[in-house]
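Subject: Structure for you to look at

Hi there,

Here is the structure I promised to pass on. Please open it alongside this message, and I will take you through what turned up.

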Amino acid sequence: MESQNNTSLNPFCNGFLAKLFVMLTVLASLANADVYHQEFVVQETKITRLCKTKTIITVNGQFPGPTVAVRNGDDVVIKVTNRARYNVTIHWHGLRQMRTPWADGPEYVTQCPIMPGGTYTYRFKIENQEGTLWWHAHSRWLRATVYGAFIIYPKSGSHFPFSQPKKDIPILLGEWWNRDIIALQRQTQFTGAAPNISNAYTINGQPGDLYRCSSQDTVKFSVSPGETVLLRVINAALNQQLFFSVANHKLQVVGADAAYNKPFTTNVIMVGPGQTTNVLLTADQPPARYYMAARAYATAQNAAFDNTTTTAVLEYTNLRPGANSRPLMPQLPFFNDTATATAFTTQLRSVPSNNPTVFKQPDESLFFTVGLGLVNCTPGPRCQGPNNTRFAASMNNVSFVLPRRTSLLQAYYNNIPGIYTVDFPPVPPVQFDYTGNVSRGLWQPQPGTKLYKIKYGSRVQIVLQDTAIVTTEDHPIHLHGYHFWVVGQGFGNFNPQTDTAKFNLVDPPVRNTIDVPVGGWAVIRFFADNPGVWLMHCHIDSHLAWGLAMAFIVENGQGESQTVEPPPLDLPRC
Ligand code: C2O
């Protein structure tokens, strides 16, 4: 009835005005949703850092790689050509990939790798996401140098929920090895020992002037007095959580992992590998040079870590001649300052647009232990872990093994048997005092390619529980294809009675990567509204290689909008 009325009353009903109206609407929607095209050529590039020249793998010869900058609602088409000597895939970290798991990128999970000489075009749509994400290789440890920023601006005509900053500055924190990264990985795999620590951290590819041969190329950002800039801090380091701070300047935190939060100010942020944090900085200090700096937040006991500090320089444009040449250094927390890390992460609160409805009762209540392990082996060169063992890691005692013949998604989609099983345990096979003194009999995980199947639309809760096996440690757990609410976190063993009562179902932070507190737990919730095969893993690459991962199958729902799209024709073959 309404529509009939509209027809008769609509002054645009017939004639020129109606056509003009339709045309304008179409133009407006075109301006709103663009198709973003980009070419990525993965290649070998000579580069000099820390007084040494070596060959690294890059995209388009750039390190860090090109920034992808799009708007919410855009279609993205990125053609990747592999001119390097290794297999490669690219993952769009934090992009939801609704119904397009084929474009997610983890090798042998959603696709076979792009072989040298091959190409693959990633096609996906940005659906209701805004903020800072990033992209990286998801193939062996190539992401050490193959990464870049992925920025999603609001749709044209809409705005940030804060006043428009004068500049937009991506800050990519990385980790640098003098050695070839694939050689390092092969050695680590062979010996079973922990990988050598890195030689430097980097800001936008540069270690900064506290390192040898690096001062010439220290990254510099200039700011005009009084202006506010947006720093998009991305932790792209392979294996290390980092503290980040800017001398004398307050950081106003406005977003994390492509979700806005209720703004709060802090002197220091902690960013886990895979995570991003957006902060506003106002140049309200005397005109001078100030260091921004990052160094390790390291929580494993008796484990070596890179204890160096990377810097870049924030320089005021109105410097007087003779102004300080040595920038002021911020005070960074001590490497094991868990109190500061926790004080920061527990201040994050989402804004309503991110959490219309956190459900009260989950349909799937899962409990996953996350932690290290040791596998006994015959003493020798392949058994160089502690006391003649090889390092391993697991979730619920399953040490994840990637298939080699085809990807999990292809096996699922095409019903190829023998690639995986769907018996990933929903709770630990044995319950124990997870963060206590764990008996040695529980230190050795079982290898397997076990998946967990969930129905479309399920309300899922996962308790992620750190263990004290080998050492307690802060693990940055990343879920592909989703972002989730972090409804609670704490230390020790999760207590379903007392801890559940304290959950934040009002304004929990929204993330795609959660740093599970060292010797503690975190609880995440999400709606299973994106069908496909989705990896969940520790974003410390050495832990991922040891098996700290599992994968979900989220089944199709009803109709096209709840069903995985057919695979693209150029999907690489194994
Ligand atoms: Cu950013 Cu599976 O990773």
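Predicted model: local features only at pLDDT ≥ 70, side-chain atom pairs only at ≥ 80, totals over all residues.

Let me start with a salt bridge: the side chains of Asp 541 and Arg 143 meet at 3.1 Å, N to O. This pair ties together distant parts of the chain, with Asp 541 in helix H7 (residues 541-546) and Arg 143 in the loop between strand E7 (131-137) and strand E8 (147-153), 398 residues apart.

**Other charged pairs**

The count of salt bridges comes to 17. One of them joins the side chains of Lys 125 and Asp 75, at 3.7 Å from N to O. Here too the pair links distant parts of the chain, since Lys 125 belongs to strand E6 and Asp 75 to strand E4 (residues 75-82), 50 residues apart. Lys 125 is partly exposed at 36% relative accessible area, and Asp 75 is partly exposed as well, at 29%.

Asp 499 and Lys 502 form another salt bridge through their side chains, at 3.9 Å, N to O. As a general point, side chains of opposite charge can pair when their charged atoms come close.

**The nonpolar cores**

Which residues have the most contacts inside the largest nonpolar core? They are Ile 171, Leu 231, Phe 244, Ile 269 and Met 292, in a core of 59 residues. Strand E18 (residues 289-297) supplies the largest share of this core, namely six residues. The core takes at least three residues from each of domain 1 (12-161) and domain 2 (162-349).

Leaving aside residues up to four places away in sequence, Leu 231 touches Ile 169, Ile 171, Phe 244, Val 246, Thr 277, Asn 278, Val 279, Leu 281 and Met 292. There is also a second, separate core of 54 residues, which includes Val 68, Ile 90, Val 533 and Val 564. In soluble globular proteins, nonpolar side chains tend to be buried together.

**Strand E20 and its partners**

Strand E20 (residues 364-376) has ten of its 13 residues buried, so this strand is largely enclosed by the rest of the structure. E20 runs parallel to strand E25 (residues 459-466), and seven bridges join the two. Within that pairing, Phe 367 stands opposite Val 463 in E25. E20 also pairs with strand E21 (residues 389-395), this time in the antiparallel sense and over seven bridges. There, Leu 372 has Ala 393 of E21 as its bridge partner.

Ala 393 comes up again in the surroundings of Ser 399. Ser 399 lies in strand E22 (residues 398-400) and counts as buried at 10% relative accessibility. Apart from residues up to four places away in sequence, Ser 399 touches Ala 392, Ala 393, Ser 394, Pro 445, Gln 446, Pro 447, Gly 448, Trp 546 and Gly 547.

**Backbone points to check**

Most residues other than glycine have a negative phi, and most peptide bonds are trans.

- Phe 63 and Pro 64 are joined by a cis peptide bond, with omega about -5°. Pro 64 sits in the loop between strand E2 (52-59) and strand E3 (68-71).
- Arg 99, which is not a glycine, has a positive phi near 65°. This arginine is in the loop between strand E5 (90-93) and strand E6 (119-125), and Arg 99 counts as buried at 17% relative accessibility.
- Asn 415 also has a positive phi, about 50°, without being a glycine. Its place is in the loop between helix H5 (408-413) and strand E23 (446-448). Asn 415 counts as exposed, at 65% relative accessibility.

Key: Residues numbered from 1 in each chain as written. Heavy atoms only, no water. Helix = DSSP H or I, 4+ residues; strand = E, 2+ residues; numbered from the N terminus. Buried < 20%, exposed > 50% of the residue type's maximum accessible area, 1.4 Å probe, protein only. Contact = heavy atoms within 4.5 Å. Core = buried A, V, L, I, M, F, W, Y, C linked by side-chain atoms within 4.5 Å. Domains from an automatic or database assignment. Salt bridge = Lys/Arg side-chain N within 4 Å of Asp/Glu carboxyl O. Pairing = 2+ DSSP bridges.
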